[in-house]
Amino acid sequence: MPTASATPITTRAAHRRPLLPRAAAFWLLTTTLAFLLFASSAPSPMYVVYEAKWHFSAITLTCVFAIYTIALLVSLLWAGAISDRIGRRPVLVGSLLLEAAAMVVFARAGGVAELFAARIVQGLATGIATGALSAALIDLQPPGRPHLGALLSAAAPPLGLAAGALGSGLLVQFGPDPLGLVYWLLTAVFVLAAAAVLAMPETVLRRGRWRPVLLPRISVPPAARAMFAAASPCLVATWALGGLYLSLGPSLSASLLHTSSHVVGGLVIVALTATGAVASVVARHHRADRAMLAGAVMLIVGVAITLLGLNAHATALFFLGSVVAGVGFGPGFSGGFRLVTALAPPTERAALIAAIYVVSYLGFSLPAIVAGVAVVHAGLLPTTNAYGAFVIVLAAAATALTVVRERGARVPLRDEA
């Protein structure tokens, strides 16, 4: 399998000695990626508070959740590959400052309109930053650990989602400013991160004008297309399940598990996403195709257990199923991510990563919107049952595709990146 070189492309600016060494810049970017997803899940434990305070329906709730993803997809399509053309640093600084502005809008929100505005700005910022961050992690990864950038690009998001849900839930439950404090803290984090990025080494040569890159496109290099198609069902299944938990997880805990604790609402998300992050790291030495296959199987088992727990109103069974699904969530996504990104040359890396996230976030948002409409007409439990069945079917398709591809290949798939 051909691999993508991680050798940096130098520029005149890169010859000026950066204040941050490559190793420090690598871990700075890993932390920044985690905080971007921390901010993404921070509103989730607050949705039930917003819903009660401003009297909106489940449809509005899931639309507030999903508008972020739609904005993120728009920015991925229009600007996801721009750092391949103008460099990583300017893209990251601009997107992090835009993310800080979104946090200010959240903190000062006085109604649904402000929530929509904040989520749109946040989605635009996150979409612009995601491709550049993940590509820069692969550019700056230690030479002796050529898989580490892709691994952390896949593991940091679920870890950030878990931390954001739990941290926000704790602040809503016990903090002095339940609907504002977490956003003010995140504003400071993103401003400081933007300043720190200015000191990191640049890894990409500026190539011509940037405006042509803003044409909407999804770029998958020819060598990666077959693998991208094979991995897509698993990418969609993992993020569709994440969309269910982040949009309706706290509502499930409140309505079906009969608890009003915002911390428990956050723990519902943590059970899936934190387990997923840990499982990604544990599976890092496994072949990427085997990790994705095992992840898809565990996703099927975990979702089935979760649905049993919800229908039996058994809290322990529900959390057990969420943890088992998390064991599938992490390796399922990280395995697919590693398989596909191993086939991208440096100058097409951000564009390919943008395509991966477009597929993932479509799975993250569209089913959640449908679920919000279905909740109003069919109820929360029947909607959750149908949603879980959808995820199981996708994971089963991913399992079948992986097995067929392995059997049809002359040489077993290997993760050489």
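The protein has 14 helices and zero strands. Helices (H or I, at least four residues) and strands (E, at least two) are DSSP runs, numbered from the N terminus. Along the sequence the pattern reads α-α-α-α-α-α-α-α-α-α-α-α-α-α. The model is predicted: local features need pLDDT of at least 70, side-chain atom pairs count only at pLDDT 80 or more, and totals for chains, interfaces and linings use all residues. Residues are numbered from 1 along each chain as its sequence is written, and side-chain values use heavy atoms, with hydrogens and water left out.

Of the 417 residues, 58% count as buried. Buried means under 20% relative accessible area, exposed over 50%, and partly exposed in between (1.4 Å probe, protein chains only). Contacts are heavy atoms within 4.5 Å. Among contacts between residues at least 6 apart in sequence, 87% join residues at least 24 apart.

Two packed helices are described by the angle between their axes and the distance between the axes. Axes are lines fitted to C-alpha atoms, for helices over the stretch in contact, and angles run from 0 to 180 degrees between N-to-C directions. Angles under 35 degrees count as roughly parallel, over 145 as roughly antiparallel, 65 to 115 as roughly perpendicular and the rest as oblique. A crossing is left-handed if the near helix is turned anticlockwise from the far one by less than a right angle, and right-handed if clockwise. For residue classes, Ala, Val, Leu, Ile, Met, Phe, Trp, Tyr, Cys and Pro count as nonpolar, Asp, Glu, Lys and Arg as charged, and the others, Gly among them, as polar.

Helix α3 (residues 58-79) packs on α6 at an angle of about 30°, with the axes 7 Å apart. This makes α3 roughly parallel to α6. The crossing of α3 past α6 is right-handed. On the α3 side, the contact includes F65, Y68 and L72; on the α6 side, it includes F116, I120 and L124. By class, this contact has 15 nonpolar, six polar and one charged residues.

The axes of α5 and helix α8 (residues 181-197) come within 8 Å and cross at roughly 165°. The two helices are therefore roughly antiparallel to each other. Here α5 passes α8 in a left-handed crossing. Residues in the contact include R89, L92, E99 and F106 of α5, and Y183, W184, T187 and F190 of α8. The classes are 17 nonpolar, one polar and two charged residues.

Helix α9 (residues 225-255) and helix α11 (residues 288-311) pack at about 30°, with their axes 11 Å apart. That makes α9 roughly parallel to α11. The crossing is left-handed. Among the contacting residues are C234, L241 and Y245 in α9, and M292, L299 and V303 in α11. This contact has 12 nonpolar, two polar and no charged residues.

A search of the whole structure finds two salt bridges. A salt bridge is a side-chain nitrogen of Lys or Arg within 4 Å of a carboxyl oxygen of Asp or Glu. One joins the side chains of R88 and D139 (2.9 Å, N to O). R88 lies in helix α5 (residues 88-107) and D139 in helix α6 (residues 112-140), so the pair ties together parts 51 residues apart in sequence. R88 is buried, at a relative accessible area of 0%. D139 is buried too, at 3%. Another salt bridge joins the side chains of D289 and R287 (2.8 Å, N to O). D289 is buried, at 0% relative accessibility.

T275 is found in helix α10 (residues 262-282). T275 is buried, with a relative accessible area of 18%. Not counting residues up to four places away in sequence, T275 touches V270, V323, G326 and V327. T275 and G328 are 53 residues apart in sequence, and their C-alpha atoms are 8.9 Å apart in space.

H313 is found in the loop between α11 and α12. Most residues other than glycine have a negative phi. H313 has a positive phi of about 55° although it is not a glycine. H313 counts as partly exposed, at 43% relative accessibility. T315 has its place in helix α12 (residues 315-341). T315 is partly exposed, at 34%.
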